[in-house]
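Subject: Handover of a structure

Dear colleague,

Please find the sequence and the structure below. I would ask you to keep them open while you read the findings that follow.

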Amino acid sequence: MPTDIEPVNASTTETVRIAAEVVLPTLASGVIKRRPAVLAVAERLRLGRSGVGLMRRLRSRHDARPLRLRVPGRSIDLVLSHEHVGEVLAATPVPFSPSTFEKRAALSHFQPHGVLISDVDERRPRRRFNEEVLEPQRSLHELAAPLARAVADEAALLARESELSWHTFTIAWWQLVRRLVLGEGARYDDTVTDLLARLRLDANWAYAHRRRDRLHARFHNRLTTHLDRAEPGSLAAVVAATDQAGIDPADQVAHWLFAFDAAGMVTFRALGLLANHPDQQRRAREEIADLDPAEPHQLPYLRACVLESVRLWPTTPVLLRESTTATAWGPAGTTVLIFTPFFHRDPGVLPYADRFEPDIWLDGRAEANPALVPFSGGPAVCPGRNIVLFCASTLLAALLHAHDYRQVGGLRLDPDRPLPATLDPFRLRFTGTVG
Ligand code: HEM
């Protein structure tokens, strides 16, 4: 039976609890750049669990109708129904625009003309540009062959290390990302991604931090210099060959570099899942047994493992939309808030909520649920998803080819117990033995 869309008003207590158990922990952990110290505390105190429990109680109390939070001067609706998630995301960008007050405040620090914070008219050419370069509809990008070789090179360097920590992983990961996006000439240019990291730290504070225009100009110029080289085999070459009318390409690329950070965490967590789940690891090894990891492959099972990593620990835990006109959800300007960790881990609906179950991405179970949206959904779905799945699965294939990984640091992922609501990737450590 369809759920009524008309929002029900939250009590003051409910609003305060949503703020304390859902919104604040999300903001504190760093929405644009993760804060390792806060993540470590969140993991230790198991903070994520209480937010999901609260959301379940609210859903049953209010028959899954949207909950209008009591926030003076704002109309903010919290989504409680799986079906409503799909409906809102499908109705993007009109009447539900992805460009919201909060996102404009944060992302304008480093990508003032990014697609995600564009109004409806500006959005069209920017979205088209992103799709033409990133090719979201293709599981293997036109650059899959050079990308796979780059992944294999970096994986070979990682495989030389006897211990794989976040520190060693992230050095190789950023070399890889700069190479994929900007070309070999940017592989060792830490400065460009360090400048972006500083701007992203500012962005965590949204409008509460002043915009540093000089710092942004330095980043923008350095990025543009790399893009101008248009190195064959990199996304920069595809950017140069794509129509740029109405676009600031550097702003789109700034988003890609930012989003590849999340992809690194997702890949590292996926390695943690595989290292602790022998059955799933065996399936992954069967998939790659006869393959050369330096060549591009579809790798459906490893991709499903990566999708599970994002389902279990979404890197965009809050999806926001802002209505462009009056709708059943409220007046124009209403913010619609989708808290994905609740929908991705809802034990009332998903029998596998807290388990590592890659098969849901292969047998139609995930597709049948409109609220399993690790890469968002609808017309603003992440255009980078296939590149991410390709890079992450290819890197995992190369690592598993080289070694058997055993987890020696960070929170243990026991396959016989519910997986934790928060997994701090920065403390994960593995040792590799030749498999
Ligand atoms: C694990 C890694 C990633 C995840 C989980 C992810 C997820 C998402 C999500 C959930 C959104 C929607 C955000 C919203 O509605 O507020 C989004 C948007 C977007 N993502 Fe990703 N993303 C990832 C990596 C990437 C990468 C590497 C790229 C580029 C190479 C990319 C490009 C974009 C762009 C351009 C948008 C804005 C789309 C639009 O507004 O139309 N993402 N992503």
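The largest share of the lining of the second largest pocket, 5 residues, is supplied by helix α1; helices (H or I, at least four residues) and strands (E, at least two) are DSSP runs, numbered from the N terminus. Please note that this is a predicted model, in which local features need pLDDT of at least 70, side-chain atom pairs count only at pLDDT 80 or more, and totals for chains, interfaces and linings use all residues. Residues are numbered from 1 along each chain as its sequence is written, and side-chain values use heavy atoms, with hydrogens and water left out.

The second largest pocket

On a 1 Å grid over the protein atoms alone, a pocket is an open set of points with protein on both sides within 12 Å along at least five of seven lines, a cavity is a set of points where a 1.4 Å probe fits but cannot get out, and lining residues have an atom within 4 Å of a point. Grid points are joined across faces, edges and corners, and a volume is the space filled by probe spheres set on the points. The second largest pocket holds about 520 Å³ of space. Of its 30 lining residues, Ser 29, Pro 317, Pro 341, Ala 421 and Thr 422 lie nearest the centre. At least two lining residues come from each of α1 (12–28), α2 (36–44) and α3 (47–61). By class, the lining has 18 nonpolar, 6 polar and 6 charged residues. Here Ala, Val, Leu, Ile, Met, Phe, Trp, Tyr, Cys and Pro count as nonpolar, Asp, Glu, Lys and Arg as charged, and the others, Gly among them, as polar.

The cavity

The structure holds 1 cavity of 30 Å³ or more, and the largest cavity contains about 30 Å³ of space. Its lining consists of Ser 108, His 109, Leu 199, Arg 211, Arg 212, Asp 213 and His 216. These divide into 1 nonpolar, 3 polar and 3 charged residues.

The ligand

A polar side-chain atom of Arg 123 is 2.5 Å from an oxygen atom of the ligand. For a side-chain N or O atom of Arg 127, the distance to a ligand oxygen atom is 2.7 Å, and for one of Arg 321 it is 3.0 Å.

The sheets

Two strands pair if DSSP finds at least two bridges between them. An open sheet of 6 strands has the order β1-β2-β3-β7-β6-β4, with mixed pairing. Its edge strands, each pairing on one side only, are β1 (8–9) and β4 (96–97). Strands β3 (residues 76–78) and β7 (residues 335–339) run parallel and are joined by 3 bridges; Leu 78 stands opposite Leu 337 in β7.

β8 and β9 (residues 429–434) pair over 6 bridges, and His 403 stands opposite Val 434 in β9.

Yours sincerely

Terms used:
Polar contact = N/O pair within 3.5 Å; in protein donor to acceptor, adjacent residues only side chain to side chain.
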